[in-house]
Amino acid sequence: MCLAIPAKITELEDGGLATVDILGVTREISVDLTPSAQVGSYVLVHAGFAIEVVDEQFAQETIDLIRQFPELAGEDLPPADPALAGAPVAATTPSPASVLAALAED
């Protein structure tokens, strides 16, 4: 299964690279596949590449949908094992934004 995450381009760099913001996490990606992308453009990012330029409304609707998935949006869920109910979450648990950014890189 493939997953592309909406991101906003914050900086264009030499060599077909750009810095993007994915839910507050910045990543460097390739924009070689989206030559029309500019600073301020929203792009769908998959495996470290911008694969499509999308409008802001589409990007926001997609982000809103992503936030409806509790495991991605960071909402507390009951543990699968009832014996772990009330157990503290490990301090090394990644933030939802970093999970989404990592998915965009894979």
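Is Val-53 buried, partly exposed or exposed, and what is its relative accessibility? Val-53 counts as partly exposed because its relative accessibility is 33%; buried means under 20% relative accessible area, exposed means over 50%, and partly exposed lies in between, with a 1.4 Å probe and protein chains only.

The structure is a predicted model, in which local features need pLDDT of at least 70, side-chain atom pairs count only at pLDDT 80 or more, and totals for chains, interfaces and linings use all residues. Residues are numbered from 1 along each chain as its sequence is written, and side-chain values use heavy atoms, with hydrogens and water left out.

The protein chain contains three helices and five strands. Helices (H or I, at least four residues) and strands (E, at least two) are DSSP runs, numbered from the N terminus. Read from the N terminus, the order of the elements is β-β-β-β-β-α-α-α. The protein chain has 106 residues, of which buried residues make up 30%. Its accessible surface is about 6,700 Å², and 57% of this belongs to carbon and sulfur atoms. Such areas come from the Shrake-Rupley method with a 1.4 Å probe; for residues, only the protein chains shown count as cover. A contact means heavy atoms within 4.5 Å. Among contacts between residues at least 6 apart in sequence, 43% join residues at least 24 apart.

Val-53 belongs to strand 5. When residues up to four places away in sequence are not counted, Val-53 touches Thr-34, Ser-36, Ala-37, Ser-41, Tyr-42 and Val-43. Thr-34 is placed in the loop between strand 3 (25-30) and strand 4 (42-46). Thr-34 counts as buried because its relative accessibility is 5%. With the residues up to four places away again not counted, Thr-34 touches Ala-50, Ile-51, Glu-52 and Val-53. Val-53 and Leu-33 are 20 residues apart in sequence, and their C-alpha atoms are 9.6 Å apart in space.

Leu-33 also takes part in a nonpolar surface patch with Phe-49 and Ile-51, and together these residues have about 280 Å² of accessible area. Phe-49 lies in strand 5, and it counts as partly exposed because its relative accessible area is 37%. Patches are made of residues with over 30% relative accessible area and no salt bridge; like charges are joined within 9 Å, and nonpolar side chains (Val, Leu, Ile, Met, Phe, Trp, Tyr) within 5 Å. A salt bridge is a side-chain nitrogen of Lys or Arg within 4 Å of a carboxyl oxygen of Asp or Glu.

A negative surface patch is formed by Asp-55, Glu-56, Glu-61 and Asp-64. Asp and Glu count as negative and Lys and Arg as positive, while His and the chain ends are not counted; the place of a charge is taken as NZ of Lys, CZ of Arg, CG of Asp or CD of Glu. Asp-55 is in the loop between strand 5 (49-54) and helix 1 (56-67).

Helix 1 also holds Ala-59, which is buried because its relative accessible area is 0%. Leaving aside neighbours within four places in sequence, Ala-59 is in contact with Pro-6, Tyr-42 and Val-54.

Two loop residues remain. Leu-23, in the loop between strand 2 (17-22) and strand 3, has a positive phi of about 50° although it is not a glycine. Ala-47, in the loop between strand 4 and strand 5, has a positive phi of about 55° and is likewise not a glycine.
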